[in-house]
Amino acid sequence: MLFSNRTELIKNIYDKGKTYPHLRFNLIKLITLAKNPGCIPPTDDERCMQIAMTARQMSGCISRQVGAVVVNDDGYGVGIGWNDSPAGLPSCSLRTGKELVDSLDQTIFSDFELNEKFVQHIKNNYYVDKPFCFKRELPSVLNKPENQMAEFTRALHAEENAIFQALRNTGNDLEGATLYTTDETCTLCGKKAFQLGVKRIVYIDEYPGVAISQTIMAGKRDIKVEKFEGVIGSAYFRLFTTLLPENELIQLYL
């Protein structure tokens, strides 16, 4: 179930006795927080996913913004990432089609983008002061199906950036870690998580593909993949922020 513009998600778990205790508990929690904001602290999943939601706002991708957080087996965040171009390269949101055609700046555009065929394509189809998506334009230039061009995106995925940061911070594998991501992981990121020993993946939006069934659910490694449940987004602040400091609320009832 979904409430308040994607800010509250509750899994409707079927119960044989048809008492639906899980659904009932979470509805009571939501109503209680609405009446008395801050009376219940966020869960670990809510806290970590809210960080991922915040991280995705830093993405410079104009196609899909994704945020991710890696939490070690002790519950500490060790890596935060969002999908964006590699370090030293400008985000897609900061480059325009008109800029490519007029300036041919080698510090902003790649050698491939500066070749005559690609420049002519942009000039004919996207000569405007707006950012263009390289992955979306590439199939037309190469005359290939769009579904074969996924690997040619300029951006590193949010999970990749979070994992790389986590490895730099920990200096070893991620055995027992949890990966929180605003979008279900793709096959490439799923394989990295599997290889590094991630034990749990939590996501919000579903992503088309077979990453979970083919890559994650394989072999003897027991990796849990769960759709996120809880309060996120703007509702996180509305529902978990008390109207008054707790000591002042206590004084009201003395």
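This report describes a nonpolar core, a helix and a strand in a predicted model.

## The largest nonpolar core

The largest nonpolar core has 18 residues, of which Val70, Leu174, Leu179, Val198 and Ile201 touch the most other members. Two or more residues each come from β3 (67-71), α6 (158-170), α7 (187-196) and α8 (211-216). The greatest contribution is that of α6, with 4 residues.

Leu179 illustrates the contacts in this region. Leaving aside residues up to four places away in sequence, Leu179 touches Ala68, Val69, Val70, Glu159, Ala193, Val198, Arg200, Ile201 and Val202. Another core, of 13 residues, lies apart from the largest one and includes Leu100, Val101, Leu114 and Phe134.

## Helix α7

The buried residues in α7 include Cys189, Gly190, Ala193 and Leu196. These residues lie on the same side of α7, because they cover an arc of only 140° around the axis. Among the elements that cover the buried residues of α7 are α6, β5 (178-183), β6 (200-205) and α8. After α7 comes Gly197, which has a positive phi near 90°.

β3 pairs with β4 (residues 77-82) in the antiparallel sense over 5 bridges, and with β5 in the antiparallel sense over 4 bridges. Val69 stands opposite Ile80 in β4 and opposite Tyr180 in β5. The hairpin of β3 and β4 has 5 residues between the strands, and Gly75 in this hairpin takes a positive phi near 90°.

Methods: Residues numbered from 1 in each chain as written. Predicted model: local features only at pLDDT ≥ 70, side-chain atom pairs only at ≥ 80, totals over all residues. Heavy atoms only, no water. Core = buried A, V, L, I, M, F, W, Y, C linked by side-chain atoms within 4.5 Å. Buried < 20%, exposed > 50% of the residue type's maximum accessible area, 1.4 Å probe, protein only. Contact = heavy atoms within 4.5 Å. Arc of directions from axis to C-beta. Pairing = 2+ DSSP bridges.
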